[in-house]
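Let's take a walk through this structure together. Have a look at the fold, then read on.

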Amino acid sequence: MGMKANCIALIKQCVTLEALKSLHASILKSHLHPHLCTNLIAQYASLGSISHAYALFSTSHSSNVFLWNHIIRAFSNTPHSRNSLRLYSRMLQLGIQATNFTFPFLLKACGCLADFELGARAHAHVVVFGYESDVFVANSLMAMYGRFGCFDFSRQVFERMPERNVVSWSSMVGAYAHNGRYEEGLLLFWRMLNEGIVPNRGSILNAMACIHREHEADDFCRVVIDNGLDSDQSVQNAAMGMYARCGRIDVARRFFDGILDKDLVAWTSMIEAYVQADLPINALELFKQMKMQGIVPDSVTLLSLIHAVSNLASFQLSRFVHGVITRSFFKNHIALDTAVIDLYVKCGNLEYARKCFDRMSARNLISWSTMISGYGMHGHGREALCLFDQMKASIKPDHIAFVSVLSACSHGGLIAEGWECFKAMNRDFGVTPRTEHYACMVDLLGRAGRLSEAQAFIERMPITPDAGVWGALLGACRIHSNLEIAETAARHLFNLDAENPGRYILLSNIYASSGKRKEADDIRALMKSRGVRKTVGHTIIEIKNKVHTFVAGDTSNPQADLIYSELRKLMDRIQEAGYVPDLSFVLHDTEEETKEKMLYAHSEKLAIVFGLMNSAPESEIRIRKNLRVCGDCHNATKFISEVTKREIIMRDAHRFHHFKAGSCSCGDYW
């Protein structure tokens, strides 16, 4: 017995595969091998050698359920998780009864496979074997349904649990956070405390993800301190993101500066906090500081960096980040490769995006969808459809791929093709349309001016239309000045999406362009009374590796006087070419001449003039607007591209516009 115990201890001490194989060879020479089989299998699996674990399991011919649980567990969280299900079926065929330790691993495998049907069957087995009330099995059921995106199922399991531990509460709070139901998640956390459950690190981290208001963050910090977790670096890292979401990036930075021994996670958390706060330059500078400290980035850090640079729409910085990834030896990393494709799409260079796509040795659904979406954003609907056809030949499209291709059809005005894709979802691929697919179809019909048809389409929807669906209809009403349908859409949006300033601004603009000044002012007053703040518009341009930001009427740039002088000259030139200012985009009770001057000072025009002044005569001008480009700036930019003989690439909140020789790639269909 002593020798066996010693061998078990030695097995657990093996931290490399070579050491374990050497010890295994020694054990084979002794009579103890059959008694140590389970321990060896468990250790091989923990060291990542599933093949050795399975080979040893196959020779054991054991009916010990503990051993079967180990091998099911070994496969459950690997690319071969389906083997867990096969082993489970084989186990039942051999008459070996599953235990409460079997199901957590089985349910984890179902979650990894993202197969709802298999998960539902596994849940049925849980009920049959009488383990539905087992706290560990129930926790695994919640986690599985959470991975499926079936939040309501997770909640049902939670509410039916006769007893819950801290993991149960933590899992449910995490499910609320994952599904964007932050207030409910936070209320559940407070309910957990009221029931006397002591929070652990996991529940604290999940609850922090639910916090979006400063006073909530301050209250929560007191809970963290009371439970002795204020020195936990994982909690400190999460606090950076929490305060960044609350608009207090300064507090987030204080947490970061207070960490004496900063690891990679701390640096990454602060970089991501800057990204969340829409401070990409700060994120980039912090990344450079991290590199100077000798900290080697991992894929998570690089994804945060990509996110930061994508907000800047800078081609040069995109090349810089791509180079960092290449030098970091991340080869054939699908998530990073896909993010780089998205980065080049968002900086306006489809050629580089497609090159990266074509070089991928393996592609997943997200890779295909990203490239298809990129073509759509740039107005290349036909190319998007062609790539979608190639995708169907190699992989079954999912709901995300259909959003990408339907959006591409919408941006390109491809109505017949869009309808065909929509019908094919369920008919050919068994993909049930979700609200986002219906929103794409409403957008497609609405942009084409078929507003009554779009409204009727919404009324026939088999599912309840959400804010995305009604928002698409309202946006189309702005394009086609349909006040009656706009009011219908807005009534729904003011209930479904009451805190979104864009909804109020859009309806106010529709009223203003229809000459209904009082109604426009009433909507602005409603917005103010509800405490909804308008998002400040700004435009970014990169010149000589430096990013410059402009807002309407901006005078902060050192070249401000020259910018406005050149702007006046440019406006005179395009007016001579036929440009007529659209004063409906100025919503103040001011004189016509003042309105015209206010239009001229929009951030898009200031950035374009700055680009013309500071770039080579033949070069493209690339700008990025954080909101949808206004109609007047869109029209003016077409004329600017004509009189200056320059190509202007503009990315707004919805798509790309390539202006060249007096026309735009969107065909005025945006």
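Residues are numbered from 1 along each chain as its sequence is written, and side-chain values use heavy atoms, with hydrogens and water left out.

The chain averages a pLDDT (the predictor's confidence in each residue, from 0 to 100) of 89, and 96% of the residues score at least 70. Over residues 588–594, though, the pLDDT is below 50, and this stretch has eight contacts beyond near neighbours in sequence, a contact being heavy atoms within 4.5 Å. Where pLDDT is low, the predicted coordinates should not be read in detail.

Now to helix H4, residues 50–60; helices here are DSSP runs (H or I, at least four residues), numbered from the N terminus. Ile50, Ala53, Leu56 and Phe57 are its buried residues, with buried meaning under 20% relative accessible area and exposed over 50% (1.4 Å probe, protein chains only). Seen down the axis of H4, these buried residues fall within an arc of 135°, so they line one face of the helix; the arc is that of the directions from the helix axis to the C-beta atoms. The face turned away from that buried side carries the exposed residues Ser51 and Thr59. After H4 comes histidine 61, with a positive phi near 50°.

Terms used. Predicted model: local features only at pLDDT ≥ 70, side-chain atom pairs only at ≥ 80, totals over all residues. Helix = DSSP H or I, 4+ residues; strand = E, 2+ residues; numbered from the N terminus.
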